[in-house]
Amino acid sequence: MAKATQPISDPEPIRAMKPGLALAALGIVFGDIGTSVLYSLQTMFSMENHAVRPTHGDVMGIISMIFWSILLVVCVKYVIFVMRADNDGEGGILALMALVRRLMASRKGTGMTAMLLGIIGAGLFYGDSLITPAISVMSSVEGITVANPGAEMIVLPASVVILTILFIVQRRGTAVIGKAFGPVMGIWFLTLAALGIPWIISKPFIITALSPHWAILFAIERPGMAFIAMGAVVLTITGAEALYADMGHVGAPSIRLAWFAVVLPCLLINYLGQGAMILEHPDWIDNPFFRLAPGWATIPLVVIATMATVIASQAVISGAFSMSSEATRLGLLPRLSVRHTSKSEGGQIYIPEINWILFVGVLALILIFQTSTKLATAYGLAVTGTFLLTTSLFLVLAHRAWHWPMWALILFGVVVGGVELSIFAANLLKIASGGWIPLVFAAIIIAIMTTWRRGTAYIAKQRQNDEGPLDDFLDWVHETEPTRVPGLAIYPHPGRATTPLAMLNNLKFNHVLHEHNVIISMVVENVPHVRHVNRIEKVDLGKPTDGIVYIACHVGFADSQDVPKALALAADKCPVLKEHLDDAIYYLSLVDVKRSESEQGAKMTAWRKVLYVGLARNQADRTRVFRIPRTRAVVMGEAVDL
């Protein structure tokens, strides 16, 4: 069997860095964390009826907390360590989960725990995907009110219009627009630095806020307020998971180069500038980011901020598409209508179901909360929950694969995990005021994934019993010699062990078998990608096959499952495909799932059965998923009780 696996080892951290890819990373990777400057400090000083005051001690403490959170969580955890845990070049919590499961394949309990952590992390990511576009776009449009307070009434409709256009254009792909993402975000980050530098020059003392003693003093003198502030500090590191999740698009070295050379210094300069400005003008905490700019520059700043937040939103939406596609390949979601929007970039996809679910959710959030400050109360729990899950999976990998000494594991867990746990605990205070929204959405996703995985396992077992062993079928065909008809029949099928239902029913109802028959299985490996030269495996069935050939096509969970292309790749190993592929008929096996009240069915609660049946009946058409010509597709199968 052709495997596209790689040894799980501590990879070489220093590789060639390409400035071009680093520029692309600015647009693809850093949109979320790069636009958090718009609302982070504004939220901190508005929480709990302005409990955090614009005094010298509070401002210095807040800036210090921001710096050390970015340093420990983003720089140390993600950029230096976690991004070394790549799964065939891909990152993200599902890729990390697959990596740990492959490592712990011999330990069933640990593998299942990793799967559960990955599912929870994916659910939390979807919860975050709802809030990021809403809060980012709304916070940028709100800058208009700094120049003209009377313009407040247009913020909500303008935000709705911008987001509606953004979700509508998703179906056309981002290939053309994406080329401008990097340069636009490059201008954005330089603008952040340009806004902060004059204020730092006017109050250079603000630079001392980088010392941890200010954060410690703040926590000692005002522990309650410091704890509340930690709930807003998370806003400055949202998007950190994107550094890891988007690693497959531009590569870890390019992300590191862009982060340390551009993003980190520009963000710190802007936060220091906002802190210096608040010390000089304590009454400007209503919107400190836009107050940084002189009056004449406010409207141009709103324009570029809106462009930056649209890019940030685009990155989150694209990330949701990628994660959904990976989840489908891993058997956590039903088939989705994945449409590739680029002929050259396989990672550029569009999933209409996910797009419109997110759009409805984002629209609902904007209409319910109506301001970015109120939206911020719902932000944080999903992000910090994902942080903690990633840390847990990473520590398992570091211990089992990289053989870190125990002291290093404890140090990493205490320092990084301790900061993340503190931020998570502080965000628990937001549950009543809106934090429950992403948690509910995450819980729905988790319920869907666990139900689908459990139900699919049961249906697969029942289907195997009905299909019967392929070897027995081959023996029967050899002995009985059924009536043959000319042509080639293709049977997509999950595996080698059993006979395709469509093949059985073709004989049962039509009493014929084609002269040439190819059974093809799309075998999803526990890696993101499989090279084309390693994909095709013609399996020797070990007996007379009478015109029946079995092909296994190995793909990664981020690869497309294009059956005609797989068959074209197999033509060299199967000559009949060269002669008849253009006229082949595709027979798809259909299993119609019905809910059973019998105790003999799946050991699932009634609501899970209803959910599974609904998902199974509304999943994407397999002719779309497998790219099979609809005019040459025949569907045959049977009903199975759940």
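The model is predicted, with local features needing pLDDT of at least 70 and side-chain atom pairs pLDDT 80 or more, while totals for chains, interfaces and linings use all residues. Residues are numbered from 1 along each chain as its sequence is written, and side-chain values use heavy atoms, without hydrogens and water.

The axes of α9 (residues 155–168) and α17 (residues 298–329) cross at roughly 45 degrees and come within 11 Å; axes are lines fitted to C-alpha atoms, for helices over the stretch in contact, with angles from 0 to 180 degrees between N-to-C directions, and helices are DSSP runs (H or I) of at least four residues, numbered from the N terminus. Where these helices meet, with contact meaning heavy atoms within 4.5 Å, Ile162, Leu166 and Phe167 of α9 face Thr306, Val310, Ser313, Gln314 and Ile317 of α17.

Helix α17 also meets helix α6 (residues 93–103), the two axes coming within 10 Å and crossing at roughly 30 degrees, which means that α6 is roughly parallel to α17. Ile93, Leu94 and Ala95 of α6 make this contact with Met323, Glu326 and Ala327 of α17.

On the scale of the chain, an automatic or database assignment gives domain 1 (19–433) and domain 2 (464–641), whose centres, taken over C-alpha atoms, are separated by 43 Å. Their contact takes 19 residues from domain 1 and 17 residues from domain 2.

Terms used
Helix = DSSP H or I, 4+ residues; strand = E, 2+ residues; numbered from the N terminus. Parallel < 35°, antiparallel > 145°, perpendicular 65-115°, else oblique.
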